[in-house]
Amino acid sequence: MPIYQYTAMDAKGKEQKGKIESDNEEAAAKSLQDQGLFVTSLKVSSLKPSKAEAKKKEKKDGQESKGSGFSFGIGKIRTKDLTTLTRQLAILLDAGLPLIRSLRTLQRQAKNATIERTLDRVATTVESGSTFSEGLAEFPRSFDRLYLNMVRAGEASGKMELILNRLATFMEKAAKIAGKVKSALVYPIIVLIVAIGITVFLMVVIIPKFQEIFTGLLDGGKLPAITLFVMDVSTYMQENFVIILMVIAMVVICIMMANRTPLGKW
C-alpha cells in the first residue's frame, strides 16, 4: 500500500504536513478531509516512478526549459478565460478533489495552450512543496495582486473553494460593468466621428465656394475678421488635407482602442 506525503490546512488555518497510508490518492484525500483538513498537496512518497515515466518527464522538462525559460514564454490568460478557470477550480475543490489533482484535470481539459502551460507550471511548483499562491506568483501577467492576496487568504483560512467562488463572482461583475461602460461609450464616439467628418467636409468643400462668392460680391472689399479666420482655416485644411486625415484616423483608432481596454484590474 503506497504512502502519501501531504500538505494541508486545518480549521484554524495552520499548515499541517505529514504522511498517510492509503490504497489510492482519492482515498487518501477523503481520509484527510474527514479529519477536517483541506489538502493543498498530496503525492506518493514511498514509490518511485518507473524509468519510462522518469524519462518522459525529463524530456518534457527539457523541452520547456528551451527558449525563454521561467515564465517569459507563456502569454497572459485572458480575463474571460481566467474567470472560467477560477470557477471550475472552485467546483473541483468543493467536490473534494486535492488541489494538484484539480490543476492537472483542468490542464488536461484546457483547449488554450497558454492555460495548459500555466497550469502545468503551477501544478509542478505545488508538487515541489511550494504553496498555490507561490506558484501563481510566477505569472504576474495573468494573476495580479488582488488574485494572489485572495488565494493567500484561502490558504490561510482553509476555504480555498469559497474564496475562488467569490473571486470568480467578483470578476464576472467587473466584466459586466466594463461591458456596460463600453456600450455607453459607443454612441458618443459615433457622434464625435460624424461631427468631425461634417466639419472637415464643410471646411474643405463648402467654405471655398463661399469664399469665391464673397470675393465676387465685395469686389476687393475687406471681409470681417471672423470670416477671414474661417477662410484661412479652410485654406490650411485644403493644403494639408492628407495630414489632417491621418491625424483624424489616429484619433479615431486611439478612441476605439481605449474603448476596448478593461476598466483597471479587477
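This is a predicted model: local features need pLDDT of at least 70, side-chain atom pairs count only at pLDDT 80 or more; totals for chains, interfaces and linings use all residues.
A helix here is a DSSP run of H or I, at least four residues long, and helices are numbered from the N terminus.

1. The chain holds ten helices and three strands. Along the sequence, the order is β-β-α-β-α-α-α-α-α-α-α-α-α.

2. **Burial and surface.** Of the 266 residues in the chain, 33% are buried. The chain exposes about 17,100 Å². Carbon and sulfur atoms supply 62% of that area. Among contacts between residues at least 6 apart in sequence, 61% join residues at least 24 apart.

3. **Helix 1, both ends.** Helix 1 covers residues 25-34. At its start, a side-chain oxygen of Asn24 comes within 2.7 Å of the backbone nitrogen of Ala27. Gly36 follows helix 1, and the phi of Gly36 is positive, near 85°.

4. **Helix 1, buried face.** Which residues of helix 1 are buried? They are Ala28, Ala29 and Leu32. These residues lie on the same side of helix 1, because they cover an arc of only 95° around the axis. Their packing partners are strand 1 (3-9), strand 2 (15-21) and strand 3 (38-44).

5. **Thr7 in strand 1.** Thr7 belongs to strand 1. It is buried, because its relative accessibility of 14% is under the 20% cut-off. Leaving aside residues up to four places away in sequence, Thr7 touches Glu15, Gln16 and Lys17, and also Phe38, Val39, Thr40 and Ser41.

6. **Largest nonpolar core.** This core has 31 residues. Those touching the most other members are Leu89, Leu103, Phe132, Leu136, Phe143, Tyr147 and Leu164. At least two core residues come from each of helix 3 (79-94), helix 4 (99-109), helix 5, helix 6 (132-136), helix 7 (145-157) and helix 8 (160-218). Helix 3 gives the most, with six residues.

7. Beyond residues up to four places away in sequence, Leu89 touches Leu99, Ser102, Leu103, Leu106, Phe132 and Leu164. Another core, of ten residues, lies apart from the largest one. Its members include Tyr4, Ala8, Ala28 and Leu42.

8. **Salt bridges: Arg78 and Asp81.** Side chains of opposite charge can pair when their charged atoms come close. The whole structure has five salt bridges. One of them joins Arg78 to Asp81, with the closest N and O atoms 3.1 Å apart. Are these two partners buried or exposed? Arg78 is exposed, at 55% relative accessible area. Asp81 is buried, at 18%.

9. **Glu172 and Arg87.** The side chains of Glu172 and Arg87 form a salt bridge at 3.0 Å, N to O. Glu172 is in helix 8 and Arg87 in helix 3, so the pair ties together parts that are 85 residues apart in sequence. Glu172 is partly exposed, with a relative accessible area of 33%. Arg87 is also partly exposed, at 23%.

10. **Glu127 and Arg104.** These side chains meet in a salt bridge at 3.1 Å, N to O. Glu127 sits in helix 5 and Arg104 in helix 4, so the pair links parts that are 23 residues apart in sequence. Glu127 counts as partly exposed, at 25% relative accessibility. Arg104 counts as buried, at 18%. Through shared partners, salt bridges join Arg104, Asp120 and Glu127 into one network.

11. **Thr124 in helix 5.** Helix 5 (residues 113-127) contains Thr124. Thr124 is partly exposed, with a relative accessible area of 33%. Thr124 and Gly135 are eleven residues apart in sequence, and their C-alpha atoms are 8.3 Å apart.

Notes:
Residues are numbered from 1 along each chain as its sequence is written. Side-chain values use heavy atoms; hydrogens and water are left out. Buried means under 20% relative accessible area, exposed over 50%, partly exposed in between (1.4 Å probe, protein chains only). The arc is that of the directions from the helix axis to the C-beta atoms. Contact means heavy atoms within 4.5 Å. A polar contact is a pair of N or O atoms within 3.5 Å; within protein, one must be able to donate a hydrogen and the other to accept it, and residues adjacent in sequence count only if both atoms are side-chain atoms. A nonpolar core is a set of buried Ala, Val, Leu, Ile, Met, Phe, Trp, Tyr and Cys residues joined through side-chain atoms within 4.5 Å. Accessible areas come from the Shrake-Rupley method with a 1.4 Å probe; for residues, only the protein chains shown count as cover. A salt bridge is a side-chain nitrogen of Lys or Arg within 4 Å of a carboxyl oxygen of Asp or Glu.
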